[in-house]
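These are my notes from a first look at a structure that I had not opened before.

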Amino acid sequence: MLIEFQNIHKYYGAVQANAGIDLTLEPGRIYGLLGENGAGKSTLMRILAGHSRPTQGRLLLNGKAADGLTPAGALGLGVGMLAQDPLDFPALKVWENFSLGKRRRRRETLTRLRDLADRFQFRLPPEEKVAELTVGERQQLELLRLLDLGVKVLILDEPTTGISVTQKEALFGTMRRLATEPDRTIVFVSHKLSEVEELCREVIVLRRGRLVARVPQPLRAQDLIALMFGAEPDAVTGTEAGPQPQEQPLLNLDRLHLLGEKFALGDLSLEIRPGEILGLAGLEGNGQELLLRGLAGLTRVVGGRLVLDGSELQGRPYLAFRRAGIHFVPAARLEAGLFPELSLADHVHLALPRNGKGTAALSPEEAIRRFHIQAEPSTPARTLSGGNQQRLLLSLIPPRLRLLLLEHPTRGLDLGATRQVWQHLVERCRQGTAILFSSADLDEIFAYSHRLLVFYNRRLVADLPAHSTSVEAVGRLMAGQERTV
Amino acid sequence: MEFLALTLAGIVSTGAPLVLATLGETLTERAGIINLSLDGSILLAAMAAVAVGLLSGNPWLGLGASGLVGILTAALVAVLGPVLGRSQVAVGFILTLLCRDLAYFLGHPFARKLGPELPVWSLPGISALPFLGVVFGRHSPVVYLSLVLIPLLWWWVFLTGPGLELRAIGEKPQAAFARGIRVHYLRIVYTLVGGALVGLAGGAFSLAVKPGWGRPQGAEGAGWIALALVIFGGWHPVRAALGAYLFAALQVLGITLQEHFPGLPAPLFQVSPFPVMILTLLVVNMGRTGWVQDLAYRYPGLRRWVNRWQATAPAALGRDFQPEKEG
Amino acid sequence: MVSWTRPLARIVTVLLLSFLVTTAVLVLVDAPPLRTLGILLRGGFGSPAKIGQTFAVWVPLLLASSALLLTFAAGLWNIGIEGQIILGAVFATGFLRPFPEGGGVFLVAGALAAGMVGGALWAVTAGALKTWGNVHEIFGGLGLNFVGLGLTLWLIFGPWRRPGVASMSGTEPLHPSLWLREMAGLSLSPVSLIAGVLAFGAMVLLLRRSRWGLTLRAVGQNPEAALLFGLRPNRRILEAMAVCGALAGLAGALQVVGVYHRLLPAISSSYGYTALLVTMLAAFRPQLIPPICLFFALLNVGSIQLPLQLKLDSSLSGVIQGVLVLAVFLVQGLEERFLFPGRGR
């Protein structure tokens, strides 16, 4: 099937996720789709798979316009997507998930499932609940289901997360075989360069919503990284960061194990000093959030120690962490961090009590002024734009802190606002607060961090001083490539 | 032996309305909708059964009326809830009060009249058996309906294609929608079907188990127990029905105990289902609190016990589903 | 200019719808619609005595609805309020039982305080079932309602029964010195009236002007964020329930001391459930609560006339109340989904 994207624009509110993408995909090939977080790859693929509709532009399948597509409609036309979080039913069994959507007798379903699973050497016990499967196995099941439905266009979104090497080999073998069949197209969305190099005939790179390049084989990792992250001279490192941190450690992690909802992050041993800024780099969902929440006291600690200012905090309740001087700012501002109907002034009153405990508290008017929030004290939080919500959240951070943890602090803010935020954060670090923040923007991480923690494949893979590394090197680490010293 | 058989027969018969209501609500909640109006709609349906039965002289028409009332109440929940986006809990609660008051108001002329009753059927063959014959052999048709529905619904929900779709809708409507399942339509259908069963439960009360109409009728509180039983039963038809029989046993036991211990106050027995209800809800819900989870983490034995008893609701229960808003 | 036509249209539609449905219901029982409604309304306001009775019902409704403002703000469905009223009545009666010869004003005050304790206790039990047992407050509250009712019945027919005759008319009446004095022929005590108004004012102030009230509202809107802010949501839930229960208990105690002067099986008269309807109808806008309570009280008192004059059941008042709230929901839903989709909550 011939796929044509014509001038695709997609806006989510004010955010432009896809900007004027013109792309043609021909059948019989495996395409790689590369790009950073927020580059627009998932958005584009969701449009192709019918989960979403473009704000502007058209999608043509075999020359016919595919407007108002739904997921079921796309499947009917032969387009199927294997998302990173598969839309499956965790409480139901494997064979039930396989057969849902297609009315068929149970015995037939089981036979078909077994045949397909054998063909790709997947081990999928039919009676097991899907919730018990690993993410990799869930993806395998979804893949089999799509193949059973006879999809012509198969989109795979980060399919190799959490599967074993043998399974990966089998998967790739399948992909190669499928691509040789007539009229089949495979789009392989990934950030793992080695795999993309191995599998794909041609690589499409997106950056900041735009199509940046189409690169045929032979592929070179350096070129791809440069295209994905933007070629930057290695010089810009830590020039904007605050003064060097003090010597005595503030926070000590000793073989800490954190247990999150989906996976565990293990064996972390770090030291953090007052006034130090650490940037957490890595693609979404690889452990940065878990670490931040764990340090805030919101995640269960199942091993090791967490010592702040000499006292052990692991196992203690959230309020103990707060009282010890730790503050956490979530990325989901309205859903997790604000009260929709309460006004800005209300938030200030709740966050910063005016009964001074020797600390100077902000008044709502001061908060608005100092953080440039475009609102009145009486404006309810839910009517604030994303950027203003973030500014509000930042204005609510208590004055004297030991440790400040921020998830994507400048997401959705323009350059001017970002600068203001960082001015404030750098001032805090000058006062001795240690800051950990996660960000999808490597430029930001490099501009403001003293040190970087790099996450890949749900593990902490590197702990580096910022001046000793470069965007390119970190990009490689994030993509799973070994660092060449 | 005779005594045991008679007691069991009493439990089967007393439990029939509760089983019907619980099974109906299980279906509705499996589709993701909460119909909180049970207590009121059972009363209204019971009243309708007596009224129509008396006016027409035909108890079967009365039974039909009760089913219809159940469907209509459920329709109100379906329209105001999923279709118009109001809180299902709020609408259900208002309807509970409204239906109860409506039942008392409209039923006033029929109070304490000798009501129509459904005939008692003797099952040929079975009623002749020594023990089972007494337990199952002579019952009102609604009792047989309740007995038949238990395996029937179990088969439907767990062994058929449509049943699988039902479970899918209650779990993750977005995923079901993505696979081409008609989520909105099916949610409404199951709400109505569940409502019909709830209505029939009311008819079972006033035409068989506690015949007649009055203020109070005797069916008060049954709807709330049924709602709790759905949770206690883990949204599984058989387990929920067993819970219903447990409560019926409590009631039957209560009557027997009252005769033997006249010193014990009557209110104790009338009220006893409700502490038991709270207890059952505690058992199946407690495992998800923080302090129990911490304990379970430290003591693996406790964890196994906790997991066995935990009831997990259909993930999308009570929540609005708006596929158009996605993407 | 356009801003007031929409609310007016809403109110008119709601009233029209409610009127139509009520008429249909009345027709079903062969009752003359207009005459019935007339008797209903006159029954509540027809004479000074009736007005006094209406206000006597207004007080517990006002107390309970005001209390519910707190729990609704905290995101709770306090269906258990009915039981909290009952327990307040029980505690108040229990407090006064050792004094069959009566006593002074301090005893009465003590009884009222005891009632508040009883209601608060009952409410906190439901709250604890939720915070420590994860039992939804609807079921916890309901279960406790029935238990409270059972407790009352047991006391009335058991340990507290009238010597010689155990009947549905309740316990031994209190000594007249323990009765709240009524205003001239109005069957309403100024103490009750003041209590109701003060409670309403206090709740509104608490909710809107105090830090605690703000914290409650935050917990109700976003428990996750409340946790992050260090607001201790579980603690707030228990506190809200306690205060709500105390006011409900006060309502129950006033019923004993001011209205019936003894403990009856139906001492709470469904005021708790009706109060829930009031607060839902008011869409949690406090200024609407006193007038709606008054209207509902009017309906309740008026409906007493129905069995006498028209041989109709008095539950018509409950029917009208329920229909009104449903009509509001219907109109809101239609507006949001079909007429003006895309508007916020």
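The entries below follow the order in which I looked things up.

**Setting up.** I am working with a predicted model, in which local features need pLDDT of at least 70 and side-chain atom pairs count only at pLDDT 80 or more, while totals for chains, interfaces and linings use all residues. Residues are numbered from 1 along each chain as its sequence is written, and chains are lettered from A and ligands numbered from 1 in the order in which they are written.

**Chain C against chain B.** I looked up the contacts first (two residues are in contact if their C-beta atoms, placed from the backbone, lie within 7 Å). I found 41 residues of chain C in contact with 35 residues of chain B. On the chain C side, two or more residues each come from α1 (5-28), α5 (105-133), α6 (137-157), α11 (271-281) and α14 (316-339). Helices here are DSSP runs of H or I with at least four residues, numbered from the N terminus. With 14 residues, α14(C) gives the most to this side. I sorted the residues of this side into 27 nonpolar, 11 polar and 3 charged. Nonpolar means Ala, Val, Leu, Ile, Met, Phe, Trp, Tyr, Cys and Pro, charged means Asp, Glu, Lys and Arg, and the others, Gly among them, are polar.

**Chain B against chain A.** Here 15 residues of chain B are in contact with 15 residues of chain A. On the chain B side, α7 (161-171) and α8 (173-178) each supply at least two residues. The largest share, 6 residues, comes from α7(B). I noted 5 nonpolar, 4 polar and 6 charged residues on this side of chain B.

**Helix α3 of chain C.** I checked the length of α3(C), residues 48-73. The expected span is 1.5 Å times one less than the number of residues, so for 26 residues it should be 38 Å, and the end C-alpha atoms are 37 Å apart, which agrees. In α3(C), 22 of the 26 residues are buried (20 or more other C-beta atoms within 10 Å of the residue's own; exposed is 12 or fewer, partly exposed is in between; C-beta atoms are placed from the backbone). After α3(C) comes C:G75, with a positive phi near 85°.

**One residue.** Is C:N234 buried, exposed or partly exposed? I count it as partly exposed, because C:N234 has 18 C-beta neighbours inside 10 Å. C:N234 sits in helix α10 (residues 233-260) of chain C. From C:A202 it is 32 residues away in sequence and 23 Å away in space, C-alpha to C-alpha.
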